Amino acid sequence: MTKTVYSKATIPAHRGNPLIECLPDLEDKELLKSWIQKPTLSPEEKSESNRYRRLSISSLDQTFNYPLQTYREFFNRLEEALLSSYAAKNPLDPSTIHFLHNLDYDDTILKPKGRFKPNGKAITLLGKSGVGKSTMIERTLGVFRQLYLHDEYQNKNLGGLKQITYLLVECPSSGSPKSLCIAILAELGRLAGLNKDEFLNTRLSREQLELLVEMRLREYFVGVLVIDEIQNLLQAKSGMADLLAFLLLLVNRSGVVLVFSGNEDARDIFTQKHRIGRRGEAGGVVEMQPLNKKSWQSVLAVLWRYQWLREETKLTQKIVDLFFSLTGGFIDQTIRVFQECQKVAIENGSEKITLENIKEAYEKACAFSHSYILSDSQEDIIESIFDEEDSYEHEASKPRAQNSEFPELDYLHTEFQINENFDLKPILISLDSNDSDFEQNLYKTGLVCTNLID
């Protein structure tokens with residue numbers, strides 16, 4: 001395991017706490033760079049065999065990531081809640097030791113602090129399937145190491161204390177608290193490197209498993225617990241109230257940061273009762289929507305560079321219009337259709353992206369989500385696009401200046417249009433690592449999108 005390194009915390013309230021000072025202290029530019037993921041593509045690869053190119057294209061959804069503005073909002077809420085939680089559980093504080101070893105810790109008044117108070121919160125992330133919730137969770141949590149081992153800190157022996165910064169589990173479709181407990185304990189045991197038999201006894205009753213989960217979350221200083229697909233609770237015949245009560249109790253009793261992630265149907269879970277809604281919004285509600293066309297174009301312009309075809313296809317306005325009409329601003333569908341239209345071009349021998357290839361690719365890649373994305377009016381728009389002439393080369397296909405100061409971001413150096421006196425004019429913004437207005441420049445270049453619908 002990588003040795004744990006400590007650095008001085010940003011604010012005084014967090015200093016002297018190994019759980020916090022082992023975490024990365026990244027500024028905005030470093031965060032952005034950590035979220036960017038880009039594939040490698042050399043000119044020689046376009047001459048490789050069909051199989052080589054198909055496999056390369058198939059990996060694009062795993063090797064490409066374009067950070068959206070929502071990443072920043074979600075990470076800020078996550079980091080604030082995580083640091084607040086860990087600030088209350090400094091392992092060097094006697095009250096934390098009492099908290100770790102006593103389930104009834106709140107019955108005891110300790111000097112000079114009084115009763116120990118865990119500081120957990122719940123954050124809720126909502127959005128339609130395909131907007132990128134799971135990817136955002138993985139990338140933002142990926143800033144942290146999942147497991148830290150603490151041997152010595154400031155000349156104090158911590159005895160190999162293990163700190164698990166986050167856990168990700170899926171909400172059981174049955175809504176069973178026992179099933180969720182088993183999933184949490186199994187993942188905890190895996191990360192802690194323990195044998196399943198010695199860490200998890202599935203013969204325990206539900207109440208015993210719930211107590212065991214609470215104890216293990218404390219013991220391993222678990223920072224964030226993500227419950228994905230929380231909308232599954234709506235399909236449960238019974239148990240929704242019990243499972244929610246258990247999870248909210250974990251926040252109170254263990255001080256863990258709880259992240260509920262689900263589609264828009266999950267909103268019903270938090271609006272049925274005021275108490276649940278109030279707790280679900282305590283750490284903030286983050287909503288992801290399909291991108292508006294302006295923001296979505298910035299993503300497509302970058303994605304368009306990764307063509308493994310013999311003949312490179314320029315990005316035209318007609319292609320942009322068709323792609324957006326088909327994918328509706330959903331990143332997942334955009335990437336899948338882009339992958340599939342290249343495979344179609346290889347299979348039919350055209351070796352270039354055409355409107356017909358895009359339409360065929362969409363029918364293959366989005367066969368089941370077709371009605372979810374397209375309305376009747378969009379179908380009409382698509383037909384009209386095929387009938388129009390298109391000689392306009394989209395701005396994203398034109399040559400770009402490179403940024404020697406920031407080569408990691410060269411592939412995201414994108415032309416973007418801004419409204420200047422109601423006359424849209426393309427402008428090119430170059431990045432400068434010494435620029436005090438760095439964030440504003442990111443918005444202008446399209447590096448960070450506004451994830452809102454106009």
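Contact here means heavy atoms within 4.5 Å, and angles run from 0 to 180 degrees between N-to-C directions. The model is predicted.

**Figure 1. Helix H8 lies across strands S4 and S5.** Helix H8 comprises residues 177-192 and runs at about 140° to S4. Strand S4 (166-170) stands at an edge of its sheet with a single partner strand, so one side of S4 is left without a neighbour there.

**Figure 2. Five strands form an open, parallel sheet.** The strand order is S4-S5-S6-S1-S7. Strand S7 (285-288), like S4, stands at an edge and has a single partner strand, so one of its sides has no neighbour in the sheet. On average, neighbouring strands of this sheet are turned by 15° against each other, direction ignored. In the protein as a whole there are 20 helices and 9 strands.

**Figure 3. Strands S5 and S6 run parallel and are joined by 4 bridges.** Strand S5 spans residues 224-228, and strand S6 spans residues 257-262. Val226 has Val259 in S6 as its bridge partner. Helix H11 (residues 240-254) packs on the sheet and touches both S5 and S6. The direction of H11 makes about 145° with that of S6.

**Figure 4. Helices H14 and H16 cross at roughly 30°.** The axes of H14 (residues 293-303) and H16 (residues 331-347) come within 11 Å. Angles under 35 degrees count as roughly parallel, and H14 and H16 are therefore roughly parallel to each other. Their crossing is right-handed. On H14, the contact is made by Trp296, Val299, Leu300 and Leu303. On H16, Ile331, Thr334, Ile335 and Phe338 make the contact.

**Figure 5. Phe221 has a positive phi in the loop between helix H10 and strand S5.** The phi of Phe221 is near 45°, a positive value in a residue other than glycine. With a relative accessible area of 1%, Phe221 is buried, because buried means under 20%. Of the 454 residues of the protein, 51% count as buried.

**Figure 6. Glu229 has a positive phi in the loop between strand S5 and helix H11.** Glu229 is not a glycine, although its phi is positive at about 55°. The relative accessible area of Glu229 is 27%, and the residue is partly exposed.

Conventions. Residues numbered from 1 in each chain as written. Predicted model: local features only at pLDDT ≥ 70, side-chain atom pairs only at ≥ 80, totals over all residues. Heavy atoms only, no water. Helix = DSSP H or I, 4+ residues; strand = E, 2+ residues; numbered from the N terminus. Buried < 20%, exposed > 50% of the residue type's maximum accessible area, 1.4 Å probe, protein only. Pairing = 2+ DSSP bridges. Parallel < 35°, antiparallel > 145°, perpendicular 65-115°, else oblique. Left-handed = near helix turned anticlockwise from the far one by under 90°.
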